[in-house]
Amino acid sequence: MQERSGILKNSPLAYALASIRFAPWPLLAEKFPLIQDALRDIAPLIHEIQVQVPVGGVAAQPEFTTSRMWMMLSADRSFGIQLAPDQMLVFTREYTSYAEFEIVLERVLNELLKLARFIDISTLGVRFIDHIKTGSQEELMKYVSAELLAPAFDGLEQLGGSSTTSYRKDDKELRVRYTNFPGHPSVSEDLMGLLIMTHDPAEGLKVDTLQSGEAILDMDAIFKPVKPLRVDSADKALSHLKALHTVANDFFRHSDVCTDYAFSSWKGEAIK
């Protein structure tokens, strides 16, 4: 069997994200400049976003309040930190290893907790999105397991398909989305807003579409504690995020998800 551990030279990974949702901390708006100043060596660009959020119960004319969030970006826009009164999200398009990604997560959490003192976490998530590229649908079948492929029927040409499946590993959920449909956006639909916020406004936003032989494998590992998890130091949150990384990473490297042929290619080895 092909060795699947270690860093993949030709990794298909397109995005890595980590998210923590917590009870709202309204003082973030006041304290954000201090957080931004502490992190501007790695994320010097900054955008403020205002969104309309419904408040109250069901009404004929719902009322809305304005919520503010901030996006800090690296100079090349390949890495970002999004902070809202109830969420911290870190993402990168230049992922090399979880150890390096975790260093950034720790810095952001330390700066947040330095000012907030503690956060009551409701949800944590780690998500990896792979853009698998091959030359044809026939070649793609050499990369992914038959379980991910759209069913084939005699007399019909298989154009592609998509699926969403949920799994459980102990107290964690893994949501897997697989899309192989030529013409479909190469970015998961729920990330389009993030893509818009991070692109250079001086350049037009262009989203590539999947070509024949390409697929998106989106793995989202989630932990929702039974009751809010109070965290006053980065270590506790980081341990949960690392466990979620393991769940998603183990799925990707599972022998029944992608083939030995695929891993040989991604490792840069000669393939047969």
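Predicted model: local features only at pLDDT ≥ 70, side-chain atom pairs only at ≥ 80, totals over all residues.
Across the whole structure, a search finds 10 aromatic pairs. One of them joins Phe32 and Trp70, whose ring centres are 4.9 Å apart. The planes of these two rings stand at 20 degrees, and the pair is therefore stacked, since planes under 30 degrees apart count as such. Phe32 belongs to helix H1, which covers residues 28-39, while Trp70 belongs to strand E3, which covers residues 63-73. The two residues are 38 apart in sequence, so their pairing ties together separate parts of the chain. Phe32 is buried, with a relative accessible area of 4%. For Trp70 the relative accessible area is also 4%, and this residue is likewise buried.

A further pair is formed by Tyr167 and Phe251, with 5.8 Å from centre to centre. The angle between their planes is 40 degrees, and the pair is tilted. Tyr167 lies in strand E7 (residues 161-169) and Phe251 in helix H5 (residues 234-252).

Tyr143, Phe252, Tyr261, Phe263 and Trp266 make up one aromatic cluster.

The charged end of Arg230 is placed over the ring of Phe118, at 4.0 Å from the ring centre. Lys172 lies over the face of Phe223, and here the distance to the ring centre is 5.7 Å.

Helix H1, which carries Phe32, also packs against another helix. The axes of H1 and helix H2 (residues 98-116) come within 10 Å of each other and cross at roughly 150 degrees. This crossing is right-handed. On the H1 side, the contact is made by Lys31, Leu34, Ile35, Ala38 and Leu39. The H2 side contributes Arg107, Val108, Glu111, Leu112 and Leu115. Sorted by class, the contact of H1 with H2 comprises 7 nonpolar residues and 3 charged ones, with no polar residues.

Definitions and conventions:
Residues numbered from 1 in each chain as written. Heavy atoms only, no water. Phe/Tyr/Trp six-rings, centres within 6.5 Å; stacked < 30°, edge-to-face > 60°. Helix = DSSP H or I, 4+ residues; strand = E, 2+ residues; numbered from the N terminus. Buried < 20%, exposed > 50% of the residue type's maximum accessible area, 1.4 Å probe, protein only. Lys NZ or Arg CZ within 6 Å of the ring centre and 35° of its normal. Axes fitted to C-alpha atoms, helices over the stretch in contact; angles between N-to-C directions. Left-handed = near helix turned anticlockwise from the far one by under 90°. Contact = heavy atoms within 4.5 Å. Nonpolar A, V, L, I, M, F, W, Y, C, P; charged D, E, K, R; others polar.
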